[in-house]
Amino acid sequence: MDALRVLVVDDELWIRSAVARDLSEYIVNIPDINESVRFVVDEAETGEEALEKIAAAPPDIVLLDLKLPGISGLDVLERAAGKHPDTVFVMVTAYASIETAVRATKSGAYDFLAKPFTPDELEHVVQKVARHIVIASRAKSLAEEQRKVRFQFISVLAHELKAPLNAIEGYVSAIIERSAGADQRIYDEMLLRCRTRTRFMRKLIIDLLDLTRLESGEKKRELVEVDLRAVAQAALETAAPDAAARSIALHVEGDAPVLLRADRSEMEIIFNNLVSNAVKYNKDGGVVKVRIARQDDKVHVSVSDTGIGMTPDEVQRLFQPFVRIKNDKTVGILGSGLGLTIIRKIAAMYEGDVSVDSEEGKGSVFNVFLRDAAPVAAP
Amino acid sequence: MGDAKTILVIDDDPDVHFFCKSVLEAEGFRVITAAGGASGLAAFRAEKPDLIILDIMMERIDTGYGVAEEIGKSVPILLFSSMLNPSDETFDPAVVPFSDVVRKPIEPETLLNKVRKLLACGKEQPGRLP
């Protein structure tokens with residue numbers, strides 16, 4: 001962080017000089033956010049001069065004497081504080097009555113410094129103010145960063161929602177206007193494709209709601225002993241029709257229950273997403289294998305496929321929201337692009353994580369590690 | 001069909017492929033499709049199309065602009081876009097190497113009109129050389 005700019009307003013030259021000398025060598029360390037701050041000091045002899053300097057270039061901190069020859073320190077405060085919300089005012093006074101203190105605080109003074117003050121007392125107040133300023137500015141830039149991420153997310157989301165709408169609208173126009181010639185089969189195919197895009201659009205909206213609920217902590221969790229092997233079996237049954245259509249074999253290894261203290265719906269989301277991906281990105285006639293094993297305090301879930309696999313570059317991008325691997329081999333594979341983001345979020349709630357080993361052309365193995373959820377629901 | 005004009009559609013949305021094939025083949029054009037920039041360029045070189053339809057929003061290096069630059073000005077390029085403002089109807093070919101643009105969602109009539117205009121053939125002889 002750059003040096004903080006301090007304006008010392010006092011009609012006594014020796015006080016201004018003493019403050020300037022002291023602060024120009026003073027450094028405030030803020031270890032918890034790894035910052036240290038220096039100070040650059042400017043001076044004003046009167047309230048009028050102070051107002052001019054504040055208006056020209058608002059300082060970070062104003063050390064403002066209450067008793068000044070022309071307009072008072074309170075007048076300066078009242079005129080300047082509202083206009084410069086980022087400037088912190090510290091009132092300096094030999095005889096602060098409670099009434100004055102209340103009025104100054106109401107007008108936006110951050111703190112007081114009683115005259116006469118030692119260098120230590122000055123540094124104590126300045127340290128407090130500097131810390132306040134640095135932390136406030138850090139919070140502001142964090143909030144800005146979040147706004148940016150949010151904006152990006154919404155922009156991509158809007159694009160992902162527009163794409164199926166565009167496809168559907170195009171088909172509907174073609175059907176209404178009979179733009180594809182006399183062959184009825186083409187219009188039937190268009191209708192089937194409209195239905196598919198609608199379904200995936202709904203899936204995107206459901207995934208988006210799941211993700212938002214997980215992030216907000218609004219989702220009610222019911223933590224019980226869940227048999228993950230049974231959840232996996234159910235996920236395979238859900239995927240069975242799509243798998244059968246492409247002669248893909250689905251297996252869960254073993255048959256003894258593997259228990260995890262968990263929320264059942266969260267486990268269903270993980271298994272449904274992994275199995276559905278393993279089918280979607282598989283080759284016709286391929287195999288999907290689910291392995292579940294307890295290792296000490298954690299459970300290792302792995303879902304492997306014999307599909308198209310990914311390049312290391314594709315693997316790197318895979319876990320970002322809305323990233324779907326697009327190449328000639330994935331044309332026609334639809335998805336929300338949120339499945340793995342959701343799985344990673346859920347895994348984190350079980351002190352776990354998700355990773356992938358993949359070989360282009362051979363297939364991928366997704367590994368999820370989960371620990372028993374703490375007895376009290378705390379996402 | 002030997003004299004049918006060939007149109008190459010480069011877009012990562014398979015429904016755009018099917019839509020364009022259905023609408024353009026009904027009018028006698030020959031339509032080939034590619035899902036990405038690399039396969040699009042390969043198809044361009046192998047098939048020597050008379051017109052290219054290109055999506056600008058494809059991912060990674062496969063951006064429409066990159067493909068358009070590679071192809072140069074040898075073939076008219078009709079751009080598909082879902083991002084442009086309604087005011088962006090016109091393009092300066094000196095700056096952007098596209099011949100014309102269609103915003104998504106694509107209306108079949110609009111697509112046919114622009115394709116015909118770019119191939120400079122009348123409605124009476126759709127998809128044929130004059």
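Guide: Two strands count as paired here if DSSP finds at least two bridges between them; strands (E, at least two residues) and helices (H or I, at least four) are DSSP runs, numbered from the N terminus. This is a predicted model, where local features need pLDDT of at least 70, side-chain atom pairs count only at pLDDT 80 or more, and totals for chains, interfaces and linings use all residues. Residues count from 1 along each chain as its sequence is written, while chains are lettered from A and ligands numbered from 1 in the order written.

Visitor: OK, which residue in the turn between β11(A) and β12(A) has a positive phi?

Guide: Start with the strands: β11(A) (residues 287-295) and β12(A) (residues 298-305) pair antiparallel over 8 bridges. Ala293(A), for instance, has His300(A) as its bridge partner. The two strands make a hairpin with 2 residues between them, and the turn residue with a phi of about 55 degrees is Asp296(A).

Visitor: And which residue in β11(A) stands opposite Ala249(A)?

Guide: Look at β9(A), residues 249-252, which runs parallel to β11(A) and is joined to that strand by 4 bridges. Opposite Ala249(A) you'll find Val287(A).

Visitor: Switching to helices, how far apart are the axes of α8(A) and α10(A)?

Guide: Residues in α8(A), including Ile269(A), Ile270(A) and Leu274(A), meet Gly339(A), Ile342(A), Ile343(A) and Ile346(A) in α10(A) (a contact is C-beta atoms, placed from the backbone, within 7 Å). Helices α8(A) (residues 264-280) and α10(A) (residues 339-349) pack at about 145 degrees, and their axes are apart by 10 Å.

Technical notes:
Axes fitted to C-alpha atoms, helices over the stretch in contact; angles between N-to-C directions. Contact = placed C-beta atoms within 7 Å.
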